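Let's take a walk through this structure together. Please have the sequence and the 3D view open as you read.

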Amino acid sequence: MAFTLELETSFSQKYIQNYITAIARRFTIYANIRQDESKIICAFTSEHEKLQECLEAIAQELPASLFLKSSKSYESSEEPTTLPEIDNSYPLNLGLCPSCQKELFDVTSKRYYYPFTSCSCCGGNHSFLTSYPYERKNTAFKFVQPCSSCQTEQQSVGRREGHELNSCHECGVAVRLVNKSNERYANDAGSFRTMFEVAAKAIVDNKKILVKTTFGYRLFYKAQMLHKESLLLMINASKITDHLALITEEYHALLSIERPILNVTVKNEELKELLGVNTSYVKYPDEGFTVLLATELQRLGVDYIAYEEADEHTQADMLMDYDLEVNAQSDMRLFLNKDDFFIAEGERVSFPSHNFEAKSLVSVAHEYAGIPKQGKMLFDVMEHFDSIHVERANVLEGTDEEFHQKQRIFMQDEASFLSVIAEHNLFEKRCVGAYFDEEPSFLYYDGKNVLRIVPPKEFDGSKIIEDIENLREGSDRLISNLEKKVPDIYKKLVALQERENVKLFEAVAILLGLEDESMRGVTKEAMKFVGKGGIQIDTHVKDNRFDHGAFLASIISYQLAGVSTAILSYSIFESFGDYFNDILQELKAKTKATEIVLCGTHFSNQSLFSRMQRNLKMSPPLMNKSYPIGKENAVVGGVFL
């Protein structure tokens, strides 16, 4: 018999399984630990004398994950006969697990204030990978020879067993802090702590510090210096709810091992004034450099600061640097609406990924590739892979390079749509779906092939004014009234026509008179609306395609009528929600599809998603589970075209 612990999860990555495996190996308990589409099933030898101790260790040490739903235990008939194995075939970039964080602040630890602290199941490991297979010689740490103590850890059971980047103060990486007048080095516990104390004091003194973290370069500064590209770093866990109005799920997500970025409501009045809106993108410290800097800032009475993703050329008053190359990933941005959540965009945590049955092909999209490896498809940045023999290549439209003699081009919306179908194993079923990232498109899957029923219509910014004037009788007066009543907006609209690659929501933001002329600006403005319903914006279809002219003309009409920008912004997304619902329901009825699929980053808008959720209550839409709903999922869907 076996004692079986079953954890419900919606994620395909196996770091939680690895962590449980590491604990079981530490106690030398035979176990079968496996993960399928929705569960991690852990069957332990029930007669082992240390089973209870092992289970208590799992309860105390297992990192909180936003993808773990619930757990249950029961007796099963299977009898484990071997120790489970940790899967160290590829690295991830995760927040620090509780055990590694404990070491950071344990004065007796050989990793006290050592910012490169990590283990096989957490920390910034993927950042240092240069190529596969994942071995130390194929990482930036090939220049760092592990000491005897670290080597022993790598060869011993536990969470650092086989940890390719294992290091400590004795064998680790020195860090330097540089400003215009001097340079200081840290290579032991005392000098590292002093360095982070100095850096924290500098931020309090209104200095900007560029830090080469294990996740890439970040620029840190006081919240009073934030701007539209800034994110808030909430430092003090016990005071987060003093400054942010969080639901329980948001609080738990912020502190999870994944450490995502969340867009949440702000209740601190000073922050609201600084931001100019009542919402902000926020994060909790994740990797070693950020955690240690945040700790020293907290000692100085700071509850939050601002930061932004940066590069080595970013201007700053001070630089914290070291002599290893780092390949940064874009951070995970999580969308959360009560019990519903999905990854809106970003690479970290989702990639690399070893998932789905292998096919003899390579999928290429953006900077990512998917190749067959050990029976499954491995997805990672293309530069990590050597040449491989496959039967064909599926390549995203716009990619100039030829990867194979048999090369098929696919579209972004097709691939994103298929990535959802693959994650939910909807092959052989009929599905309709919408993709929304700047331009809406509608797709149909007949159980074998994807059809673009309503392809996206590229927005032509070169003749916006002409299109609106010729829309219908009297439309020309809209433009003349705009020029008379709101000349600043009219001038920007004229100037917009001279630019290349203009996006639809850039034009929308300009017509609304927003400072942030982007989708982000319109989204933030919509969050200011606190009413129960908006007004109807024209989202009609012309020649089976979305009518940009009618849409923009409708916004101008309301703008001239004096409707507030907050109501208008909210109404835009509410109207889009009705537009998508009407077409999807019509397509579903005509095709007799059983499932509705949504993908594309713009569905991570709260106003739009809430409207879609209400409209599709009887047919809840399916979205990505382990991958972002935006462009990053194309490399996954490209496998199935």
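First, some ground rules. This is a predicted model, in which local features need pLDDT of at least 70 and side-chain atom pairs count only at pLDDT 80 or more, while totals for chains, interfaces and linings use all residues. Residues are numbered from 1 along each chain as its sequence is written, and side-chain values use heavy atoms, with hydrogens and water left out.

Let's begin with a sheet and its strands. Helices (H or I, at least four residues) and strands (E, at least two) are DSSP runs, numbered from the N terminus, and two strands pair if DSSP finds at least two bridges between them. In the order β2-β3-β1-β4, 4 strands make an open sheet with antiparallel pairing. The edges are β2 (31–35) and β4 (68–76), each with a single partner strand, so one side of each has no neighbour in the sheet. On average, neighbouring strands here are turned by 10° against each other, direction ignored; axes are lines fitted to C-alpha atoms, for helices over the stretch in contact, and angles run from 0 to 180 degrees between N-to-C directions. Strand β1 (residues 2–9) runs antiparallel to β4 and is joined to it by 7 bridges. To find your place, look for Leu-5, which stands opposite Ser-73 in β4.

Which helices lie across strands β1 and β3? Helix α1 (residues 15–26) lies across β1, β2, β3 (39–45) and β4, at about 175° to β2. Helix α2 (residues 51–61) lies across β1 and β3, at about 155° to β3.

Now for another sheet. Here 4 strands form an open sheet with mixed pairing, in the order β25-β24-β23-β28. Its edge strands, β25 (450–454) and β28 (595–599), each pair on one side only, and the twist averages 25° from one strand to the next. β24 and β25 run antiparallel and are joined by 4 bridges, with Tyr-444 opposite Leu-451 in β25. Helix α17 packs on this sheet and touches β23 (431–437), β24, β25 and β28, its direction making about 155° with that of β23.

Next, the aromatic rings. A pair of aromatic rings is described by the distance of the centres and the angle of the planes. Rings of Phe, Tyr and Trp (its six-membered ring) pair if their centres lie within 6.5 Å; planes under 30 degrees apart count as stacked, over 60 as edge-to-face and the rest as tilted. The structure holds 42 aromatic pairs. One of them is the edge-to-face pair of Phe-116 and Phe-141, at 6.3 Å centre to centre with 75° between the planes. Both residues are in the loop between α3 (98–104) and α4 (148–154), 25 residues apart. Phe-116 and Phe-141 are both buried, meaning under 20% relative accessible area, with exposed over 50% and partly exposed in between (1.4 Å probe, protein chains only).

Why does the pair of Phe-442 and Tyr-579 count as edge-to-face? Their ring centres are 5.8 Å apart and their planes are at 75°, so the pair is edge-to-face. Phe-442 belongs to strand β24 (residues 439–445) and Tyr-579 to helix α17 (residues 565–591), so the pair ties together parts 137 residues apart in sequence. Both Phe-442 and Tyr-579 are buried. Ring pairs also link Phe-442 and Tyr-579 into a cluster whose members include Phe-436, Phe-505 and Phe-603.

Is Asn-615 buried or exposed? Asn-615 is buried, with a relative accessible area of 18%. The Asn-615 side chain reaches the backbone oxygen of Gly-577 at 3.3 Å and makes a polar contact with the side chain of Asp-578 (3.1 Å). A polar contact is a pair of N or O atoms within 3.5 Å; within protein, one must be able to donate a hydrogen and the other to accept it, and residues adjacent in sequence count only if both atoms are side-chain atoms. Not counting residues up to four places away in sequence, Asn-615 touches Gly-577, Asp-578, Asn-581 and Gln-585, where contact means heavy atoms within 4.5 Å. The cover over the buried residues of α18 includes α17 and β28.
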